[in-house]
Amino acid sequence: MVTSKTVKQIVTIMFLFLVACTSVDKTDSTQPDEKGLVAFDSLVTIDINKAKQKAAVALEEAKSNNNVRQLLKALYYNTRVAIQIGDSKDFMQYGEQTLRIADSLQANYYKNKVYILLGRYYIQQNDYTKALEYYIDAENYFDSIKDNDHLSSIYNGMGILYFDLKEYEKSQEYFEKTFGIYEQINNKRGTGVYYANIGNIYNITHQYNKAFEYQTKSLNVFTELKDTTGMVSAYINLSNIEANLGHAIKAEEELNKAIALSDSGDDNYRLKERILLNYAILYVGQNKLDLADKVLKEHTVLADSLKNYSGKLDALDLRISIAEARKNYKAETLYTTKFYHLKDSLYGAQVKQNIEELKWQNEFDKSRLESALLKSKYQIEKDRGAYLTYTIVLVIILSILIIGLV
């Protein structure tokens with residue numbers, strides 16, 4: 001005989017089954033459990049020497065503990081430090097190891113953080129197609145987990161990419177994207193970077209008053225944060241503006257501040273390479289050709305060690321000016337040929353075409369994926385509706401049977 005207790009149990013089971021069929025599927029995004037990574041990224045930009053020590057200690061501890069996840073974090077630390085100081089060899093070595101372990105552990109957060117660094121690295125190598133490939137992969141991942149902090153880094157990198165390609169409108173679009181995120185997440189250093197980048201666009205487009213205004217804002221932010229790297233970069237940018245305005249003495253003063261800070265800080269060779277190039281530009285402008293030659297020799301050593309082809313291109317442009325001033329037409333012809341050959345390989349039409357094709361392919365892939373997801377969602381909702389109908393009918397039939405039995 002069916003008791004009232006049995007009836008209640010059957011009804012409860014059916015109710016739970018009904019709820020299960022009508023509930024919405026929620027798949028949690030993969031969230032990183034490595035909270036110290038973002039803090040380490042900040043440390044690298046603020047105090048590179050402390051970051052280097054921390055990275056070295058972390059690697060030793062991970063090896064002695066034989067802990068794979070600890071090793072993954074330590075390898076990322078060393079990858080991050082290497083690109084900051086411009087050590088290409090260490091960067092590729094640690095980066096490859098980080099990616100290999102990240103793949104084995106399916107640690108996508110680490111993998112895509114390295115992709116951001118690879119985007120930055122290939123911009124420095126002037127391989128803009130590869131840079132964009134890594135940025136797009138990283139953007140798709142961090143957008144999927146709604147990580148604005150990393151998205152801002154990607155947009156900043158893409159802004160630099162288009163700045164190097166002299167597509168200033170696109171460059172500014174990406175920098176404006178970063179500014180919106182920096183304000184949203186209250187990233188003060190990011191705001192300083194934004195001011196510097198926009199200031200560079202105004203400088204290159206001959207809007208010197210605005211350029212000076214934004215670079216001064218940038219310097220103030222970095223000074224407040226005691227960010228030596230940012231301050232050095234700001235002094236270099238201010239020197240560029242003064243040079244463009246024909247203020248050679250002021251321009252050299254700004255460079256002197258930059259070199260003093262750079263020498264007293266870490267071994268950031270990339271900044272020193274920029275400083276030397278700007279000294280050479282000033283000396284050529286003042287017709288101090290012997291001094292320019294001397295500085296360019298130092299610059300060439302650094303540019304070669306960093307594989308900084310855009311720096312080498314700028315140096316070739318200066319050498320053309322020096323040869324022209326000395327009426328050395330043979331040297332002028334030689335440097336001009338080298339200049340245009342290198343320029344075409346870095347910024348030629350084929351490079352820009354590859355980048356545009358890559359961007360449109362990514363947009364097509366994203367649209368196709370969204371369409372597939374929409375179709376899948378529609379099918380799920382359709383199936384859920386059918387299951388709900390079957391369940392309601394089943395509940396009604398069972399309820400009638402239970403009442404009849406009672």
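Within what distance do the axes of α5 and helix α6 (residues 108-124) come, and at roughly what angle do they cross?

Modeller: The axes of α5 and α6 come within 9 Å and cross at roughly 155 degrees, where an axis is a line fitted to the C-alpha atoms over the stretch in contact and the angle, from 0 to 180 degrees, is taken between N-to-C directions. This is a predicted model, in which local features need pLDDT of at least 70 and side-chain atom pairs count only at pLDDT 80 or more, while totals for chains, interfaces and linings use all residues. Residues are numbered from 1 along each chain as its sequence is written, and side-chain values use heavy atoms, with hydrogens and water left out.

The two helices α5 and α6 are therefore roughly antiparallel to each other, a label given to angles over 145 degrees, whereas those under 35 count as roughly parallel, 65 to 115 as roughly perpendicular and the rest as oblique. Their crossing is left-handed, meaning that the near helix is turned anticlockwise from the far one by less than a right angle, with clockwise being right-handed. On the α5 side the residues in contact (heavy atoms within 4.5 Å) are S88, F91, M92, G95, T98, L99, A102 and D103, and they meet Y110, K111, V114, Y115, L117, L118, Y121 and Y122 of α6. By class, this contact divides into eleven nonpolar, three polar and two charged residues; Ala, Val, Leu, Ile, Met, Phe, Trp, Tyr, Cys and Pro count as nonpolar, Asp, Glu, Lys and Arg as charged, and the others, Gly among them, as polar.

The 18 residues of α15 (residues 289-306) should span 26 Å at 1.5 Å a residue, which agrees with the 25 Å between its end C-alpha atoms; the expected span is 1.5 Å times one less than the number of residues. After α15 comes K307, whose phi is positive, near 55 degrees.

The packing of α14 with α15 has axes 9 Å apart and an angle of about 155 degrees, and these two helices are therefore roughly antiparallel to each other. Their crossing is left-handed, and the contact of α14 with α15 has 14 nonpolar, one polar and four charged residues. Among the residues of α14 that take part are L276, L277, A280 and Y283, while α15 contributes residues including V295, H299, L302 and L306.

Of its 406 residues, 44% count as buried, and among the contacts with a separation of 6 or more, 62% come from residues 24 or more positions apart. Helix α8 (residues 148-164) is mostly covered, with twelve of its 17 residues buried, including I154, Y155, M158 and L161.

How values were computed:
Helices (H or I, at least four residues) and strands (E, at least two) are DSSP runs, numbered from the N terminus. Buried means under 20% relative accessible area, exposed over 50%, partly exposed in between (1.4 Å probe, protein chains only).
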